[in-house]
Number of protein chains: 4
Amino acid sequence: MLPFNITRAAHAEIRVTDFDRARQFYVEALGLLEIDEEDDALYLGALEERDRYSLILRKADSGGVKNISFRVAAEDDLDALARLFSDADLPTQWIEPNTVEKGQGRALRAQSPAGLPVEFFHEMEQRERQLQNFPLYRGAQLMRIDHFNCQVPDVQAEYDFWTQQLGFMVSEYTVSDDPSEQLWAAWLHRKQNVHDVALMNGTGPRMHHFAYWAQDTASILRACDMLAAMRMVDSIERGPGRHGLSNAFFLYLRDPDGNRIELYTSDYIIPDPDFEPIKWKLSDPRRATFWGHHPPDSWFDEASLVEDITTGAFLPTQAGLLSGKPEFAT
Amino acid sequence: MLPFNITRAAHAEIRVTDFDRARQFYVEALGLLEIDEEDDALYLGALEERDRYSLILRKADSGGVKNISFRVAAEDDLDALARLFSDADLPTQWIEPNTVEKGQGRALRAQSPAGLPVEFFHEMEQRERQLQNFPLYRGAQLMRIDHFNCQVPDVQAEYDFWTQQLGFMVSEYTVSDDPSEQLWAAWLHRKQNVHDVALMNGTGPRMHHFAYWAQDTASILRACDMLAAMRMVDSIERGPGRHGLSNAFFLYLRDPDGNRIELYTSDYIIPDPDFEPIKWKLSDPRRATFWGHHPPDSWFDEASLVEDITTGAFLPTQAGLLSGKPEFAT
Amino acid sequence: MLPFNITRAAHAEIRVTDFDRARQFYVEALGLLEIDEEDDALYLGALEERDRYSLILRKADSGGVKNISFRVAAEDDLDALARLFSDADLPTQWIEPNTVEKGQGRALRAQSPAGLPVEFFHEMEQRERQLQNFPLYRGAQLMRIDHFNCQVPDVQAEYDFWTQQLGFMVSEYTVSDDPSEQLWAAWLHRKQNVHDVALMNGTGPRMHHFAYWAQDTASILRACDMLAAMRMVDSIERGPGRHGLSNAFFLYLRDPDGNRIELYTSDYIIPDPDFEPIKWKLSDPRRATFWGHHPPDSWFDEASLVEDITTGAFLPTQAGLLSGKPEFAT
Amino acid sequence: MLPFNITRAAHAEIRVTDFDRARQFYVEALGLLEIDEEDDALYLGALEERDRYSLILRKADSGGVKNISFRVAAEDDLDALARLFSDADLPTQWIEPNTVEKGQGRALRAQSPAGLPVEFFHEMEQRERQLQNFPLYRGAQLMRIDHFNCQVPDVQAEYDFWTQQLGFMVSEYTVSDDPSEQLWAAWLHRKQNVHDVALMNGTGPRMHHFAYWAQDTASILRACDMLAAMRMVDSIERGPGRHGLSNAFFLYLRDPDGNRIELYTSDYIIPDPDFEPIKWKLSDPRRATFWGHHPPDSWFDEASLVEDITTGAFLPTQAGLLSGKPEFAT
C-alpha cells in the first residue's frame, strides 16, 4: 500500500508565444473557458471541471511544456511523494501556495526518471461548475482534461517507476511483434478511465500531446468546422478517426505554437482495480487506427520539449531504445 | 397550368411587445441571426438562408400575426395573383418596395377565403449565406424557415383554394374516422418537402405555429438546454417527440409573447410531382405523436390571432366546422 | 478504513413473466446483448461490459426485484460484509458459486436496514467486450449498467447505513425546504460517477428503477423510435428530458412487466474523494427536471416490490416518513 | 420551355463480381435494404425511398457502370427525350417495361455527348416506405440516393448539353484560376438540392462516384465503425471531412469491386429557380476540402468505366482538355 494517493491528471502548463492567437484557438474554436489572465499566464478551464483551471498557457519564446500536474488526495501525500523522488535521486522543487500558479496550494515539482516534469498538488481553489450553463458552450464544448501522452527513450524503466513507485494501473499496452514482446507503450490510469498518462517508446523526454474529453463525436467535428471557418484549418494534424486502443474517437490539433492537443471521446470506464489490461502487438493494424487516414510524418516525428524544473531550460533528448515507427497513439 | 409560380414559404411577420425579451429567445437561445433593427421591427434570419431575413418581429401591444409571406418565381406572378384574389372578391393590398419591409420588392398582401393574411413577393435583397460561418452557430443553430401551420373553420374550402387556385400540392392529410372521411387537416407544399403550409380544422383564422428546420436532433435538444439555462424553461410547451405525420422530430415553444414556433428536423423530400399523398385517420394513435408526451391543453386551445391586412385589427374567429379534439400536428 | 471495498453496481436480477416479450423490449429495442438462456433465466449484457451479464431476467408470475448486486474488490471482502450485516442483525444468505447465477462466484445476499435485497460478489466469469463489434449495435446501444434507485421509508437511517457502514460517498442530495433541511434523497457512489445507488424518501422498500448508460442523446432518442415502431410506445413513461441533478439526459421506460428502467447519459465523473456534494432544496424547480414534461402520476406512485432474500416473498412496504410529492429523480 | 421534365436522379446500375461481398458492403455496413434478387441482379433501396430500388448491382466480371437513371414527370417525356437525343445524333435504345429492370416501365437509354450512359423512365413500381420502420435501420442508415458525379474530357460541351438541352440548373461551379475562367466542374440539379449530376474535367467518360444522403454526421461515422469492425477498413478512401462546395460532410468508399460511393449529408436546399450559382476558383483551398485529410492519389486517378448502351462494352476514354490536378469534389 503506497503512502500517497494520486487521484488524476489535473492540469498542464504549456508555453505559448502569443495570447491572442492562443485564445483564438483554445477559447474561440475549442470552447475552453477563460478563467484568469496575468501578465505572463492565461488560465483556462473546461465545462465540467470545478478546479479553477486545467490549462495554464505561460508566455514564452516558443512552444513547449513546463510541467504536467496531478492532484493527490491529501496534503501529506505531497511529503510522501517528495521523499520518494528524493530517495530515487530525482530532482524536486517546492512551489509556494498561490504564487506561480494562482489558486493552487503547496505544490511539489519533480523530474521523472526519464526527465518528465511532473507536478503534484492537493489544494486548488474551486470555481462554480459550468456544466449546465449552456450559453457558455461553444465550439468543441470541451468537458474536462483527460490525459498526458509522453515519449521516453526507455519506456520499460519509466513504466516501472509509474506503476511500481507511483501506483498507476495499466489499462492497455503495446508490445513489440517479436517473441520477446518488449514493452512499446502503456496507458496508465489513476482515475477510472483508460488513462491519465501514456508512456511511449520514442525520442524523449517529450510530451506528444495532452488531451481533453468531449461529450460526443459531433462536438469534435465542430472543432474542425470552427478551425476551418476561422482560417486555422492547418492546425488539424490527424483525424477525425477512431483508435482501436481505448476505442477513442479522436482528433489531433496543433496549437499556434505547435503544442499538440487531442480531442477525445467514446472511451470506457474502469471501475475494477483488477481490470485485465488489453495487450496489443505493435503491428496490429487495428491498434492505433481502427479507422482513419494515415497520420502525417509530423505526428510521428514532432513532440514538445519539456523543461528542466530547476533551470527552465529544455531538457536534451535521446532516441527511443526500440526501433521502428509504429502508429503509437491515443 | 397556373399563370404564376409560388416557390416557397419565405418569412413571417409576427407581433412582439419587447425586443429585448424576443432577442433573448430567438437570437440567444434559438440561434437566429439578428440582421437589422428599426424602431418598430427586428429582422432575423437563419444560417442557410440568403434572403435578407425570414422573420420580422414587429413591435405591438400583444403577440399575433401580421402576415405569412411566400416568394413567387417572377415579378409578373404578383399581378396574376392580384387578379386571382380580386376575382374571388378577396381583399388585397400592394406594399411599395422597400417601405414596410426592408429590402423587399413590391409585395401583394391578401386575405385568404378563411381570412389568413398572406403576402407574396418576388424581389428580396440577398445577404451572404452564413452556412459555413461556424463561429455564428449558437443554440439550436436554426437553418431555415420551413412552414406555417394555420387553423381555419372550414378546412375543405380553404384546402380547395390553396390547392386548386394557388397550386399547392398535398403531401399528407387527415380525415375524420367515420366513413364520410371528411378532411380534417392537410399538409401542402410548393418547395420539395412535406409542407410550406398546413391547414387544420379549428377555431380560425389563426396561426397555430410557424416552423424552422434544424440540421439534427441534437440542435433541437440544445434549444431545451439553452432555454432552461436562461430561465425560460416555461417556453417549452410540447416535446421533444416525433410525429408520425411527416416523421418530424419536433419541439414546440412559445415566445415571450405567446407566439408558437416549432423546431423541426428529420422530415423527407418530395421531388416527384405525382407523389401519392399519405392518408391518416384522425384517431390513428401514431399520426400526431409517433412518440412523445401528451400535449398540454394550451397546445390544442391556443393559437395566434391574425390581422386584417387593411385595418391591422385582429380578425374575429369562428369555431371549426368539425368537432373533436385531435392531436393535430406538425 | 473499512475492511472491504465495494467497487460498483454490477447487475440486477428482476422478475419477468414472459421471455419473448422481455426480449423484444430489452434486446431488440434497447440493444442489450442476449448472453445466456436457462429455463427460468435470461442473462443480458451491454456493449462495454466484460462481466458475463449485467441483467438477469428471472421468470416469475409478476414483475419485481429479486436483488441488486454489487461487486467487491476481493473475495475476503464478502466475509467482512457478512460480519457487518450479521452484527447489525440483518438477514444474510450465501449463494454457492455458479448455481443460481451462472458464472458468478460465491455471493452474499443480505437485506439492508430498510429491506433492500442486496447481493455482493467478487468472482464473475468474463466475456469478450463487444465495444468495437459495431455490427452488434442496435436500438439504444446501451453501454453499461449504471445505478439502482430505491425508495425507503426512513431515508436518513438508510443513508447512514450506506455511507457509514458500506462506505458509499455522496455526490448530490436533496433536503426538505423547511429550515430543518431533512434528508429527502441522496445519490451515492463507489465508482467514479454520480451514483451506484440513489435512496429516496417514499413507500418502501421498493426499487424505483435501474439504469443503463448510453453514449449519447441520439442513442436514447432511438430507443423511443424503436419502441414506437415496434408498437410498444406505451412503455415510454417519462422523457426524454434533462435532470438538474446529475445533469443526466434521461428516458424512463416500463418493461412489459412494469419494471422501470432509465436510459441515461451526459452525467459527469467524480475522481476526487473529497468532491463537495451538491445540495438541492426539494422544491428547486431545476432539481429534478431541468427541462422536460411533467412526469405522470405513475412515475411518482409506482415502483417495484422487492423480495425477502430468504423466502422469496415480497416484503411489505411502509409509507415514507417525510410527506410531499417531489419530483425525485435520476 | 422544354417539352419534358426530368425530376431527379433515381438509380444507378453498377457492375459487381460477387453478390455476397457486395451485400456485406452495401446492406450490412451501409444499411441499404435488400429488395429483390435475380440471377444476375441485386436490387437495393434506401430508407426514405418509395421507388422499388435505387441501386441495381449487376453481376459482371469487373466493376463499372451500366447506366445512371433519371425519372421524368410523365410518360410522354420519354418520347420527347428520344427525339432530342436522335436529333443530336446520339445513340438511344428503348427498354421494354419490366424486363431488364424489374418493376420499371418503359425506359429510354442514351449516350450523352461525352458518352455517359443515361437512362430515363417514368413508371416505377412503388414499395412501402421504411422511414419509420426503425428496426430496419442499421449501419449508415442511408436515406436516399442523391447524385452521380462524372468525369468528361470536354466539360464545357457536356455542361452545355445538360443545362441547355436537358434543363438542368447550376448550383455551384468551378473555373480555372487564370483570367479566362474556363469551366472546370459544375454541380447541376433538377430536384431542389445541390445536385443530381456533377460534371468534372478529367479522363472520361467515367463515373467518379454515386452518392447517398444520410441524415446526420453520426450515421456516416458509423459507416466507418462498421467497415472497420467487419475488416473492410480499406474500403474507406477519403474522409470523413467537409467540402466547401455544397457544405457536405462526406465520406468516400470503394465497394469490393472498386466502384466509388459517397456518403453525404449537411448540404442545403434550393427552392428558388433563380438561385445565383456559387463560383469557386479551382485553387481556392476551401473549395474541395473545407477540412479533412488530403485525398490519396487513387481518389484523383481512378474512376469507373462506363458501358456503351448498345454493345455493353466499356467506352474508351480520353484525357480531360484542361490540365492540372485539382481536388475536384463532392
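Reply: In this predicted model, the contact between chain A and chain C brings 32 residues of chain A together with 33 residues of chain C. The two chains bury about 2,900 Å² between them, and 47% of that area lies on carbon and sulfur atoms. On the side of chain A, the residues that lose the most area to chain C are Arg50(A), Gln132(A) and Ile269(A), which together account for 19% of what that side buries.

Across the same interface, 21 residue pairs are in polar contact, where both residues of a pair have pLDDT 80 or more. As for the elements involved, β1 (6–16) and β17 (278–281) of chain A are those that give two or more residues to the side of chain A that touches chain C. Sorted by class, that side of chain A holds eleven nonpolar, nine polar and twelve charged residues.

The symmetry of the pair comes next. Chain A can be laid on chain C with an RMSD of 0.0 Å, by a turn of 180° and a shift of 0.0 Å along the axis, and that is the relation of a two-fold axis. Of the interface residues of chain A, 100% are also interface residues in chain C, so the copies meet through the same surface.

A residue of chain D can be set beside this account. Arg8(D) lies in strand β1 of chain D, which spans residues 6–16, and its side chain makes a polar contact with the side chain of Asp272(B) at 2.8 Å. Arg8(D) is buried, because its relative accessible area is 10%, which falls under the 20% limit for that word. Leaving aside residues up to four places away in sequence, Arg8(D) touches Pro271(B) and Asp272(B) in chain B, while within chain D it touches Asp51(D), Ser69(D), Phe70(D), Arg71(D), Arg190(D), Lys191(D) and Asp196(D).

The backbone of chain C has some features that deserve a separate look. A cis peptide bond joins Gly239(C) and Pro240(C), with omega at about 5°, and Pro240(C) is placed in strand β14 of chain C, residues 236–242. Two residues of chain C other than glycine can be described by a positive phi: for Arg231(C) the value is near 60°, and for Ser246(C) the value is near 80°. Arg231(C) lies in the loop between α4 (217–229) and β14 of chain C, whereas Ser246(C) is found in the loop between β14 and β15 (249–254) of that chain.

Pro205(D) is placed in the loop between β12 (197–201) and β13 (206–213) of chain D, whereas Pro240(C) sits in a strand of chain C.

Terms used. Residues are numbered from 1 along each chain as its sequence is written. Chains are lettered from A and ligands numbered from 1 in the order in which they are written. This is a predicted model: local features need pLDDT of at least 70, side-chain atom pairs count only at pLDDT 80 or more; totals for chains, interfaces and linings use all residues. Side-chain values use heavy atoms; hydrogens and water are left out. Helices (H or I, at least four residues) and strands (E, at least two) are DSSP runs, numbered from the N terminus. Buried means under 20% relative accessible area, exposed over 50%, partly exposed in between (1.4 Å probe, protein chains only). A polar contact is a pair of N or O atoms within 3.5 Å; within protein, one must be able to donate a hydrogen and the other to accept it, and residues adjacent in sequence count only if both atoms are side-chain atoms. Contact means heavy atoms within 4.5 Å. Buried area is the accessible area (1.4 Å probe) that two parts lose on being put together, summed over both. Ala, Val, Leu, Ile, Met, Phe, Trp, Tyr, Cys and Pro count as nonpolar, Asp, Glu, Lys and Arg as charged, and the others, Gly among them, as polar. Copies are superposed by least squares on the C-alpha atoms of residues with pLDDT of at least 70 in both.
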